[in-house]
Amino acid sequence: MAQIEFSEEQNMLLDTAGEFCKTHASMELVRAGIEGDQSIKPEVWKEMADLGWMGIIVPEEYGGLGGTITMQSIFAREIARTAGGLSWIWGVTSFSGSKAIGYCGTEDQKQKYLPLIAEGKLKTAMSYTEPGGGTDLLGGMKTSAQKTDGGWRLNGEKIWSTLASNADYLLVLARSDREVTKRSDGISMFFVPAASEGITMTELPKLGMRAASSCSVYLEDVFVPNELLLGEEGKG
């Protein structure tokens with residue numbers, strides 16, 4: 001089996017992340033706080049952001065490091081050695097949040113949100129799974145998105161939404177068209193402010209990974225403006 005050789009930059013990231021864990025996320029510190037609240041200390045989050053880790057894959061023109069998925073994976077592995085929950089808390093925004101906007105977002109969306117992610121000022125959560133669907137996202141998709149003046153109205157329920165209770169925005173998948181030939185069509189993705197009127201969240205008790213909250217998210221007639229549609233309508 002071929003051995004992967006890390007670059008000097010990648011090895012530097014590996015070493016820096018390892019030293020960070022010794023002082024901020026050692027096994028002793030993690031065990032001591034395992035019964036605490038499902039969040040990350042603001043000072044730890046800020047230091048990670050100051051080191052550029054929230055924007056590893058964010059392009060430099062939007063305030064990030066312009067790194068690769070390999071660099072993200074190196075960092076995630078090193079953090080997870082002692083603090084799997086911290087790796088999740090970092091990863092949900094750094095992977096799904098920055099990539100959803102980076103790949104699907106308009107130029108205006110990229111300029112507005114990617115710098116905030118890179119600075120550690122914006123956290124996202126995934127709201128995909130539904131109570132009756134489990135891993136069958138397409139077959140179980142009941143959440144609906146109906147067009148209205150200036151935007152959409154979302155109704156439905158998501159479950160096991162990772163970090164929703166600590167997020168600023170939710171990445172929500174909803175069915176915007178039911179007259180389709182393929183289940184993968186007619187689904188749109190929305191970048192929904194977590195504080196929107198009509199959203200109710202309930203944290204779910206878990207045995208493990210308690211540092212990263214998992215939530216039920218109820219959406220009742222939640223208005224989402226057109227500018228918060230991510231990507232093409234029906235191609236989420």
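Student: How much accessible surface does the protein chain have, and what share belongs to carbon and sulfur atoms?

Tutor: The accessible surface is about 12,400 Å², with 52% belonging to carbon and sulfur atoms. Such areas come from the Shrake-Rupley method with a 1.4 Å probe, and for residues only the protein chains shown count as cover. This is a predicted model, in which local features need pLDDT of at least 70 and side-chain atom pairs count only at pLDDT 80 or more, while totals for chains, interfaces and linings use all residues. Residues are numbered from 1 along each chain as its sequence is written, and side-chain values use heavy atoms, leaving out hydrogens and water.

Student: Why is H24 called partly exposed?

Tutor: Buried means under 20% relative accessible area, exposed over 50%, and partly exposed in between (1.4 Å probe, protein chains only). H24 has 27%, and is therefore partly exposed. H24 belongs to helix α1 (residues 8-24). By the buried criterion, 47% of the 236 residues of the protein chain qualify.

Student: What makes an element a helix or a strand, and how many of each are there?

Tutor: Both are DSSP runs numbered from the N terminus: helices (H or I) need at least four residues, strands (E) at least two. The protein chain has 6 helices and 8 strands, in the order α-α-α-α-α-α-β-β-β-β-β-β-β-β.

Student: How do you know that the radius of gyration agrees with that of a compact globule?

Tutor: The radius is taken over C-alpha atoms, and the globule rule is 2.2 Å times the number of residues to the power 0.38. For 236 residues the rule gives a value near 18 Å; the protein chain has 18 Å, so the two agree. The C-alpha atoms fill a box of roughly 50 × 40 × 40 Å along the principal axes.

Student: What makes a group of residues a nonpolar core?

Tutor: Such a core is a set of buried Ala, Val, Leu, Ile, Met, Phe, Trp, Tyr and Cys residues joined through side-chain atoms within 4.5 Å. The largest one has 36 residues, of which L154, L170, F190, F191 and V192 touch the most other members. Strand β4 gives the most to this core, with 6 residues. Another core, of 23 residues, lies apart from it, with C21, W45, A49 and I79 among its members.

Student: Which residues count as contacts of L154?

Tutor: Contact means heavy atoms within 4.5 Å. Leaving aside residues up to four places away in sequence, L154 touches several residues, including V172, F190, V192 and L219.
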